[in-house]
Protein chains: 2
Amino acid sequence: MKQKLKIVKIGGNVINDKNALISFLSDFAKMSGLKILVHGGGKRASEMISELGLKPKMINGRRVTDESTLEIVTMVYAGLLNKNITAELQKNNCNAIGLSGADANTILAHKRIVKEVDYGFAGDVDAVNADIIKVLVNNDLTPVFCAITHDGNGQLLNTNADTIAAKLAKGISKYFEVELIYCFEKLGVLADVNDEATLIEKIDFISLSFFKKEKIIVEGMLPKIENCFDALQSGVAKVIIGKPEVIIDDNLKHTTLTL
Amino acid sequence: MKQKLKIVKIGGNVINDKNALISFLSDFAKMSGLKILVHGGGKRASEMISELGLKPKMINGRRVTDESTLEIVTMVYAGLLNKNITAELQKNNCNAIGLSGADANTILAHKRIVKEVDYGFAGDVDAVNADIIKVLVNNDLTPVFCAITHDGNGQLLNTNADTIAAKLAKGISKYFEVELIYCFEKLGVLADVNDEATLIEKIDFISLSFFKKEKIIVEGMLPKIENCFDALQSGVAKVIIGKPEVIIDDNLKHTTLTL
């Protein structure tokens, strides 16, 4: 039987608030069993871009990564955030090891092909090195991934953290029974984004097509959920979407996705 | 019998010159056997401090690390440099894994005690976690250390890269026959720093006291060499000081330190 492993993804809402981050990391350290953390970038990279007199460039809600932007996100995501998160987890007796996709060749990607938009040094994930991740977690280490990958040819690439979490989950599901937990600011998937009473507690493949048809799940949330179902279809056992506290509070409502 | 392992330390002269760095990393990747790379920071951190409108503060040739400086060196050393070096080694088929001392709790330090000078968030190394480093190298990984450590209580610390190399060498010598190689801009220890013909090819404990008494080895070089002898006395097999090319060119002259 496969060992259970949880992959938790946190984004800007936790990263940007120092107290929220410290509290989350204390909770994460308490989670029993094998685990991996994936963190997004938050607003520190955009602040740094402004401090250096440059301008953050976004198209369709995605960052365009020119050469200076890549330098800055590499510094902020792989340096400042990743190492401070790792040190904080160590303080909480969680033996964290901060990684980019270049480290131990864990995540290989390619520079996004230019179609209508040139996203610059944005990476689309090709492969996850499950073998070395298995070695790390079996030696009681907790990998902490930032959203930087590489192309195997010396080029670092800025990569969406949600995607990294899903690809990692898929990639290591050959060795582990993986539960993928996306933490964000809401209770879960809401039929009305402004009303937590409209939480959809369970979504399966059949209800998803209904929610899509009725346009209950739209825009920003839809690609995320389709990513999750892709992960489920590739062997990931379970996907949860909820508030950060969901990682230690079994009674906190959330959305569970299953096939 | 212990396995052989080489620890190579590079500093500013290699880091600051993109072509020199790429050439060095190609050589380093070719080195056979177990190996670890330790890299200094170079001038990029000072440039970044200036670009952000701050001023690098040095006392006695050592950087004073206030809170913003610590942020910047963490970004530049652990992010920008460490991940680009790692990606470049991956390109050269060397399975590098970039690490700070916080990662896998590899290097524990304490904030330097304030005597005459307050160096701020500068770290003095207390312990090296040889067990986890052994796991990594025995799984064909090549650790690449930047000069950032942690105190185990959530605080990152800026640490001298020469010291990190020496402490790593000492710490893992219980498992490995360690050769420590310091790469810098000269052929080795020179009696006259401006004349490579005055290279001192071998220094042992007896000749060291002679060179000290005669003031042939002074100032900047003396603490480095005393660090090296400390490492030798703690079980490190051999220490070499030379140009970066010394790692693959057996015929290149250099200084060898032995007890």
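This is a predicted model: local features need pLDDT of at least 70, side-chain atom pairs count only at pLDDT 80 or more; totals for chains, interfaces and linings use all residues.
**Figure 1. The eight-stranded sheet of chain B.** The strands follow the order β5-β8-β2-β1-β11-β13-β14-β12 in an open sheet with mixed pairing. B:I36, in β2(B), is the bridge partner of B:I7.

**Figure 2. Helices α5 and α6 against the sheet of chain B.** Helix α5 (residues 130-138) of chain B lies across β1, β2, β5 and β8 (142-145), and its direction is at about 130° to β8(B). Helix α6 (residues 161-172) of chain B lies across β1, β2, β8 and β11 (176-183), running at about 165° to β11(B).

**Figure 3. The sheet of chain A and the helices that lie on it.** In chain A, eight strands form an open sheet of mixed pairing, ordered β5-β8-β2-β1-β11-β13-β14-β12. Its edge strands are β5 and β12 (202-203) of chain A, each of which pairs on one side only. Strand β1 (residues 3-10) of chain A runs parallel to strand β11 (residues 176-183) of chain A, and seven bridges join the two. A:K6 has A:E179 as its bridge partner in β11(A). Helix α5(A) packs on the sheet and touches β1, β2 (34-39), β5 and β8 of chain A, with a direction that makes about 130° with that of β8(A). Helix α6 (residues 161-172) of chain A lies across β1, β2, β8 and β11 of chain A, at about 165° to β11(A).

**Figure 4. The loop around A:D140.** A:D140 is placed in the loop between α5 and β8 (142-145) of chain A. Is A:D140 buried or exposed? A:D140 has 12 C-beta neighbours inside 10 Å and therefore counts as exposed. Although 106 residues separate A:D140 from A:L34 along the chain, their C-alpha atoms are 7.8 Å apart.

**Figure 5. A:L222 in helix α8 of chain A.** Helix α8 of chain A covers residues 221-233 and includes A:L222. Because 14 other C-beta atoms lie within 10 Å, A:L222 is partly exposed. A:F211 is 11 residues from A:L222 in sequence, and the C-alpha to C-alpha distance between them is 9.8 Å.

**Figure 6. The overall fold of chain A.** Chain A contains eight helices and 14 strands. Its radius of gyration is 18 Å, close to the 18 Å given by the globule rule for 259 residues, so chain A is as compact as a globular protein of that length. The C-alpha trace of chain A spans about 45 × 45 × 35 Å along its principal axes. Of its 259 residues, 52% count as buried. Among contacts in chain A between residues at least 6 apart in sequence, 72% join residues at least 24 apart.

**Figure 7. The interface between chain A and chain B.** The contact involves 35 residues of chain A and 35 residues of chain B. On the side of chain A that touches chain B, α4 (67-91), β5 (96-99), α5 (130-138) and β9 (148-150) each supply at least two residues. The most is given by α4(A), with 14 residues. By class, this side of chain A has 14 nonpolar, 15 polar and six charged residues.

Technical notes
Residues are numbered from 1 along each chain as its sequence is written. Chains are lettered from A and ligands numbered from 1 in the order in which they are written. Two residues are in contact if their C-beta atoms, placed from the backbone, lie within 7 Å. Helices (H or I, at least four residues) and strands (E, at least two) are DSSP runs, numbered from the N terminus. Ala, Val, Leu, Ile, Met, Phe, Trp, Tyr, Cys and Pro count as nonpolar, Asp, Glu, Lys and Arg as charged, and the others, Gly among them, as polar. Two strands pair if DSSP finds at least two bridges between them. Axes are lines fitted to C-alpha atoms, for helices over the stretch in contact, and angles run from 0 to 180 degrees between N-to-C directions. The radius of gyration is taken over C-alpha atoms; the globule rule is 2.2 Å times the number of residues to the power 0.38. A residue is buried if 20 or more other C-beta atoms lie within 10 Å of its own, exposed if 12 or fewer, and partly exposed in between; C-beta atoms are placed from the backbone.
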